Amino acid sequence: MKVKKIRSEIHDLIKDYYKLKFPSKEFNPDKDIINYAGRIFNEEELLNLVDASLDFWLTSGRFTEEFVEKLEDFYNVENVLLTNSGSSANLLAITALTSPKLANKQLRPGDEVITVAAGFPSTLAPIVQNQLIPVFLDVKIGTYNIIPERLEVAISPKTKAIFLAHTLGNPFDMDAVKQISEKYDLYLIEDNCDAMGSTYNGELTGTFGHIATGSFYPAHHITTGEGGCVIVQDDELAKIVKSFRDWGRDCYCESGENNTCGKRFSQQFGTLPYGYDHKYVYSHIGYNLKMTEMQAAIGSAQMDKLDSFNEIRKSNFKRFYNGLSHFQDYLILPEATPKSDPSWFCFIITVKQNDKFTRNDLVSFLNENRIETRNLFAGNLLRQPAFQDIQHKVIGSLDNTDYIMNNTFFIGTYSGITDEKIEYVLSKFYTFFQEL
Amino acid sequence: MATSKKIKAVICKCKIIDDRVLLLRMKPQKRVPNFNPGQFLHLTLDKYDPCEQWPESRVFSIAISPETRMEKIEIIISKQGKYTNRIFEEIQLGREIWLKLPYGDFTLNDRLGENNIFIAGGTGISPFLSILKSNVSKDQKIRLYYGIKNSRYFVDKNFLLDKINSDFNFKLEVFIENSDDNQYLDGALNIEYIYNQNRTPKSNYFISGPKEMIDTFSNYLLHQRIDEERIIVDSWD
């Protein structure tokens with residue numbers, strides 16, 4: 001009872017602390033930076049985090065279960081596995097498909113994976129790290145997603161998977177991509193890291209492919225600090241993903257549990273002696289990519305705010321769109337993929353060719369006025385030092401990808417961008433164009 | 001399998017078959033993850049605090065179809081040792097208990113063949129009940145050989161007898177060790193008899209029951225040159 005009383009007192013103190021440490025502040029346009037993204041939280045996250053530390057469970061415990069359940073309810077799926085980052089989730093998504101347990105559906109070195117170069121490295125890196133061959137297609141300016149009409153041209157006898165991100169929250173053409181993946185019996189992996197809450201045909205992205213991934217890095221729709229998840233449709237595939245995540249082991253006990261399978265000492269694997277402790281049998285060459293309980297505690301509280309976060313993102317997007325539509329002589333504004341309702345990660349802008357200014361001019365101006373901007377991640381991944389010498393194929397050209405690399409940037413739409421900040425940002429755009 | 005969950009449930013039916021076997025029905029207090037017929041759960045009698053480690057528990061095959069999991073979860077318990085003795089002593093209607101599920105790979109999935117032989121020894125009938133009650137067994141040719149000590153242990157008799165009448169793909173033979181009822185075969189389950197009845201090359205054998213029975217039957221079938229892949233067992237420590 002005393003322990004409960006102390007915990008309750010700590011809770012009350014946390015609420016007081018939150019009010020003092022993180023008061024809401026008026027926007028000061030002369031001083032404040034308008035970040036493109038950031039963590040949005042209240043005392044609930046702090047309470048959960050402290051509760052997790054008071055439990056001192058450390059690895060996966062009650063908050064992990066709670067967070068997983070909320071994610072499974074959100075996506076209406078049976079298998080969500082938490083990871084220590086979205087990048088780790090991507091690594092697991094591809095690597096799991098190399099499991100020998102998949103028999104003739106296993107991805108093997110030299111197999112091809114269709115993807116795009118206009119994106120983030122952690123969609124490409126796992127393909128390369130597993131000795132698979134990325135096959136690049138160009139993207140459409142405006143949607144920033146794969147040009148679906150070219151997909152079938154990319155198919156070869158070695159094509160085994162399609163791995164695509166819903167770029168910056170905008171779903172790719174799921175009808176077209178799924179049609180090809182089904183026609184050629186390919187794995188479809190959705191990188192949903194930037195699109196939590198986006199829908200296509202009324203269904204959430206992350207629920208169409210065999211596997212999907214999510215990220216909870218602070219820039220994303222919800223945050224756990226570092227963190228991510230893998231969403232798996234098939235139970236057997238989920239087991240494989242879990243194995244790769246958990247050291248490659250065959251055992252599926254949760255942290256601190258034993259003999260979940262009921263036959264811990266009565267099986268024979270490989271050339272190990274009969275009855276070798278199942279806790280130490282490894283059926284894959286895996287990693288340890290699990291999320292901690294403290295991260296899950298934050299994530300569980302964040303899930304309760306996700307719907308409102310997404311509503312604000314969509315509303316902010318609309319306001320920026322309306323405000324910047326006056327400048328479409330110079331700017332290409334983002335367009336939602338038909339049949340989709342994006343929960344926009346950001347507001348993406350591409351500068352049209354003109355003789356008055358470049359993307360860098362505009363970006364410098366905005367940054368000088370404390371408006372944070374970002375390029376579309378790596379631009380063209382094939383031009384990055386890390387990826388210059390990788391084995392790959394390009395179908396057609398990557399002209400649009402290069403154009404995006406040179407001319408595209410984004411500003412934020414997250415729920416920390418208030419009406420006042422939006423007005424300020426738009427006013428700066430007006431100033432820029434007036435001074436041209 | 002679906003990500004396993006810890007679920008609080010309330011005992012809503014406790015049918016004591018005799019002092020060694022009971023059938024337990026529980027009402028889950030929250031959403032039950034989907035499971036594959038043939039999988040099992042962990043049951044603990046001790047109070048579970050989510051802030052603490054999962055207490056000592058035992059495994060039991062789930063004996064219902066996944067389609068009805070939100071309304072009830074059923075298992076069959078036989079007295080084996082200290083913990084199951086405790087269950088018999090402490091179980092009562094209305095008591096809250098904790099479960100975690102689903103686990104296990106004694107599932108049909110892609111293993112159904114042209115001729116499916118289910119061999120159930122005693123409470124080993126449980127996973128087969130789950131399979132037979134669910135859609136996975138629909139239109140599949142199944143022969144169930146069910147061995148029990150006496151007719152009192154004939155679990156879910158009405159369901160199985162109804163199934164014989166309603167599903168022409170399903171056949172049932174019951175072996176009772178001490179039986180004076182002509183409906184059933186006298187004596188213990190006999191693997192030689194079962195094998196001779198099913199000498200089609202593409203028969204798959206699914207065996208669930210006491211470890212000794214599983215080992216003996218599996219070895220016999222392997223000796224008859226049945227492929228190891230066609231012998232699927234539900235065995236525990």
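**Close-up views of chain B and its interface with chain A**

**View 1. A salt bridge between chain A and chain B.** In this predicted model, A:E65 and B:K6 form a salt bridge, in which the closest N and O atoms lie 2.5 Å apart. Across the interface of chain B and chain A, the rule finds 9 salt bridges. On the side of chain B that touches chain A, the elements that give two or more residues are β1, β3 (40-44) and β6 of chain B, and the residues of that side divide into 11 nonpolar, 9 polar and 10 charged.

**View 2. The interface of chain B and chain A as a whole.** Contacts link 30 residues of chain B with 27 residues of chain A, and the area buried between the two chains is about 2,400 Å², with carbon and sulfur atoms giving 39% of that area. The rule also finds 12 residue pairs in polar contact across this interface, both residues of each pair being at pLDDT 80 or more.

View 3. A hairpin leads from β1(B) to β2(B) through 2 residues, and B:I16 stands opposite B:L22 in β2(B).

**View 4. The open parallel sheet of chain B.** In chain B, 6 strands form an open sheet in the order β10-β9-β8-β7-β11-β12, and their pairing is parallel. The edge strands, each of which pairs on one side only, are β10 (185-186) and β12 (231-234) of chain B.

**View 5. The overall build of chain B.** Chain B contains 5 helices and 12 strands. The radius of gyration of chain B is 18 Å, close to the 18 Å that the globule rule gives for 237 residues, so chain B is as compact as a globular protein of that length. Taken along the principal axes, the box filled by the C-alpha atoms of chain B is roughly 55 × 40 × 35 Å.

Technical notes. Residues numbered from 1 in each chain as written. Chains lettered and ligands numbered in written order. Predicted model: local features only at pLDDT ≥ 70, side-chain atom pairs only at ≥ 80, totals over all residues. Heavy atoms only, no water. Pairing = 2+ DSSP bridges. Helix = DSSP H or I, 4+ residues; strand = E, 2+ residues; numbered from the N terminus. Contact = heavy atoms within 4.5 Å. Buried area = accessible area lost by both parts, 1.4 Å probe. Salt bridge = Lys/Arg side-chain N within 4 Å of Asp/Glu carboxyl O. Polar contact = N/O pair within 3.5 Å; in protein donor to acceptor, adjacent residues only side chain to side chain. Nonpolar A, V, L, I, M, F, W, Y, C, P; charged D, E, K, R; others polar. Rg over C-alpha atoms; globule rule 2.2 N^0.38 Å.
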